[in-house]
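Keep the structure open beside you as you read.

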Amino acid sequence: MIIYKNEDSFYKRVMLLMDTTNRAFVEALLAGDHARSLQIVTIRQGNCSRFEIYNELITPAMYDIGVMWQKNEITVADEHLATAVCDFVLTQTEFELLQQSASPYATPKAMFFTVEDEHHYLGLKMVSILFREKHWNVKYYQSNLPIDHVLKEVERWKPNVIGLSFSLAYRIDELTDYLKAFSKLEDKPEVLVGGRLIKNYDFSSIGPPQTTFIQDLDELQIWFNKDKQTRRDEFDGTSTTSSVV
Ligand code: B12
């Protein structure tokens, strides 16, 4: 059974975070102004981490745009334009990480994608960049990856973590199929499921044991800290040491 959770307090917190810079950022996204949007992010980068920029600037901005769209204050075209600029800004925040990109054989490995027909991928992209920042070997497949192709990739690449995202309630059956398929995998990779609905519903009943539902970047941070305590290679040891303490 999927249990509904209260979303009011979350949205109040989001609105409180919308200070002047955040409003300027929303305006720049909606104006399709790549330069101004990037400038706002670059200024913030002076005293904020990537995590803070994603959590306190970009995520609230996109949620705010969703509310404006729902209230018919902006058009579908405005929202698409804002999405494109947001995607550009995220790519820029990933750019400098390319210098320290892990080799295709390095561990630990994590793959990211959205379930079939799910086109909301900006949140997933942020998460994949945060994994890259922590020196994970990342493969980011963006959106709409059918289950048989996911399973082929898992078999071939053998990731330690499979991260998937979904945003629309009517994708729950698809999500359940993916999770069932992962529970049958021999290597038992850890599965992380994220997306806006995790805040509102308790999905634990559809997740096999190695699945963790993560509602936001704060929870991801907790997961990273826990993972660091239990995994030695690439973080505190060398790549050939055991990954289990
Ligand atoms: C931009 C946008 C789009 C873009 C998608 C752009 C893209 N490439 O991602 C486009 C235009 C394609 C789109 C299409 C649609 N959309 Co839309 N969209 C949005 C909007 C405004 C922002 C989404 C976003 O980027 N949010 C910001 C990110 C950062 O937040 P997030 O996804 O929650 O991710 C965070 C966490 O959830 C978590 N997380 C996410 N994934 C993962 C994965 C892992 C592994 C982990 C650990 C964590 C994690 O970390 C992230 C970082 O903070 C939302 C509003 C909203 N509230 O989100 C509506 C929204 C989601 N869309 C909505 C709808 C209805 C649609 C359409 C059905 C519209 C239509 N009629 O065509 C289509 C469906 C398309 C499809 N088949 O998927 C509704 C859904 C309503 C509902 N009740 O289900 C919303 C809520 C708008 C609204 N208020 O009505 N959309």
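Domain 1 (7-98) and domain 2 (101-230) each supply at least three residues to the shell around the ligand. Bear in mind as you look that this is a predicted model. The shell holds 34 residues, and those that come nearest to the ligand are Gly66, Gly123, Gly163, Ser165 and Gly194. Two or more shell residues come from each of helix 4, helix 5, helix 6, strand 4 (161-165), strand 5 (190-194) and helix 9 (217-230). Helix 4 gives the most, with eight residues.

Now turn to the largest nonpolar core, which has 46 residues. Phe25, Leu29, Ala61, Cys86, Ala110, Val127 and Tyr178 are the ones that touch the most other members. Because domain 1 (7-98) and domain 2 (101-230) both give residues to this core, it lies between them.

Beyond its neighbours within four places in sequence, Cys86 is in contact with Leu29, Ile58, Met62 and Leu122. Cys86 is also one of the buried residues of helix 5, along with Ala82, Val85, Val89, Leu90, Thr93 and Glu94. If you are wondering about the spacing of such a set, recall that an α-helix has 3.6 residues a turn, so residues three or four places apart point the same way. The buried residues of helix 5 pack against helix 2 (20-30), helix 3 (34-45), helix 4 (50-70) and helix 6 (122-133).

How far apart are the end C-alpha atoms of helix 5? They are 29 Å apart, which agrees with the 28 Å that its 20 residues (76-95) should span at 1.5 Å a residue.

Most residues other than glycine have a negative phi, and most peptide bonds are trans. Asn72 counts as exposed because it has 7 C-beta neighbours inside 10 Å. His135 likewise has a positive phi, near 70°, and sits in the loop between helix 6 and strand 3 (137-140). With 15 other C-beta atoms within 10 Å, His135 is partly exposed. As for the peptide bonds, the one from Thr107 to Pro108 is cis, with omega near 0°. You will find Pro108 in the loop between helix 5 and strand 2 (109-114).

Conventions. Residues numbered from 1 in each chain as written. Predicted model: local features only at pLDDT ≥ 70, side-chain atom pairs only at ≥ 80, totals over all residues. Helix = DSSP H or I, 4+ residues; strand = E, 2+ residues; numbered from the N terminus. Expected span 1.5 Å × (residues − 1). Buried ≥ 20, exposed ≤ 12 C-beta atoms within 10 Å, placed from the backbone. Contact = placed C-beta atoms within 7 Å. Near = placed C-beta within 6 Å. Domains from an automatic or database assignment. Core = buried A, V, L, I, M, F, W, Y, C linked by C-beta atoms within 7 Å.
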